[in-house]
Amino acid sequence: MLGVGANSIDFVYRLPAYPEPAGPFSKMRIREQAICCGGQTATALATCVSLGLTAKYVGATGTDENGSRIRVELARRGIDTTDAVIRDIPNQFAIIMVDEERGERIVLWDRDERLKLRPRDLPADTIASARLVHVDDVDQPAAIAAGDMARDAGLPVTSDIDRVTDLTPALQALRESHHSMLIVTLGARGAVALHEDRFIVSPGFPIHAIDTTGAGDVFRGGLVYALLQEWAPERALRFANAAAAVSCTRLGALNGVPTLAEIEETMRPESGGRQPLEVGPASG
């Protein structure tokens, strides 16, 4: 599979609580800290490789220490970066503050505008030869171009839509032009999906969350794996939910990428988590 999108170096700090401008949480000692690799597409690809797929990354990296770190880490995990773009500027990075009580996080990030991936940076032959193309919404013109190239080649396309902009189509328009599946992740509550005319509710798994960073990206990696196995939507959603649950038990995005054995263990009936439910035909 091929992933087109973002990467990041994350400076993760585990704190007793969220910072406040006054009171006992205006000054806190850091409980745990780590420098981790992440980013939407990079984390999804790492998940796919951990589950046994082959993956190639197309995105922009910098020439600083952070850029070198992400390229080394992706290569170490078996992700092909030969089509990644290297620009003589700093890499994207983020400061992530994690509340140790709930595992929820606040993300502060910065990205040089010159890291933007452009449609002309896309390797058309590589896209056409992939089994599936996954894009995120960071550099939207490039993501749209990659999706169009993949669709023209008859390939399935998955997309991570994290924000609404002028380039983000309405869900109704998406459904009219793509007769597949639309999914909304709900954090600890799992996910819901609209598949053809069916609305499916897939509950989450009970866990003690350490860090939710990257959980959505791991979910998408698990979903891509399930789609390529041609599983039914209910099974695919349950598998992706389990993958995301495992990722929340460790600090960091790529550090939280699960193995197939860990996901299967989480899905065992005694591990908890209800089966997906088909609520009924979607209206409208």
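## Exposure and Glu230

Exposed means over 50% relative accessible area, and buried means under 20%. In this predicted model, Glu230 has 71% relative accessibility, so Glu230 counts as exposed. Glu230 lies in the loop between α6 (215–228) and α7.

Most residues other than glycine have a negative phi. Glu196 sits in the loop between β12 (191–195) and β13 (198–202).

## Packing of α7 and α8

Two packed helices are described by the angle between their axes and the distance between the axes. Here the helices are α7 (residues 233–247) and α8 (residues 260–267). Their axes come within 9 Å and cross at roughly 110°. Angles of 65 to 115 degrees count as roughly perpendicular, so α7 is roughly perpendicular to α8.

On the α7 side, the contact is formed by Arg238, Phe239, Ala242, Ala243 and Val246. Their partners in α8 are Leu260, Glu262, Ile263, Thr266 and Met267. The residues of this contact divide into seven nonpolar, one polar and two charged.

## The buried side of α8

Which residues of α8 are buried? They are Ile263, Thr266 and Met267. These residues cover an arc of only 100° around the axis, so they lie on the same side of α8. In an α-helix, with 3.6 residues a turn, residues three or four places apart point the same way. The buried residues of α8 pack against α7.

Note on methods: Residues are numbered from 1 along each chain as its sequence is written. This is a predicted model: local features need pLDDT of at least 70, side-chain atom pairs count only at pLDDT 80 or more; totals for chains, interfaces and linings use all residues. Side-chain values use heavy atoms; hydrogens and water are left out. Axes are lines fitted to C-alpha atoms, for helices over the stretch in contact, and angles run from 0 to 180 degrees between N-to-C directions. Helices (H or I, at least four residues) and strands (E, at least two) are DSSP runs, numbered from the N terminus. Angles under 35 degrees count as roughly parallel, over 145 as roughly antiparallel, 65 to 115 as roughly perpendicular and the rest as oblique. Contact means heavy atoms within 4.5 Å. Ala, Val, Leu, Ile, Met, Phe, Trp, Tyr, Cys and Pro count as nonpolar, Asp, Glu, Lys and Arg as charged, and the others, Gly among them, as polar. Buried means under 20% relative accessible area, exposed over 50%, partly exposed in between (1.4 Å probe, protein chains only). The arc is that of the directions from the helix axis to the C-beta atoms.
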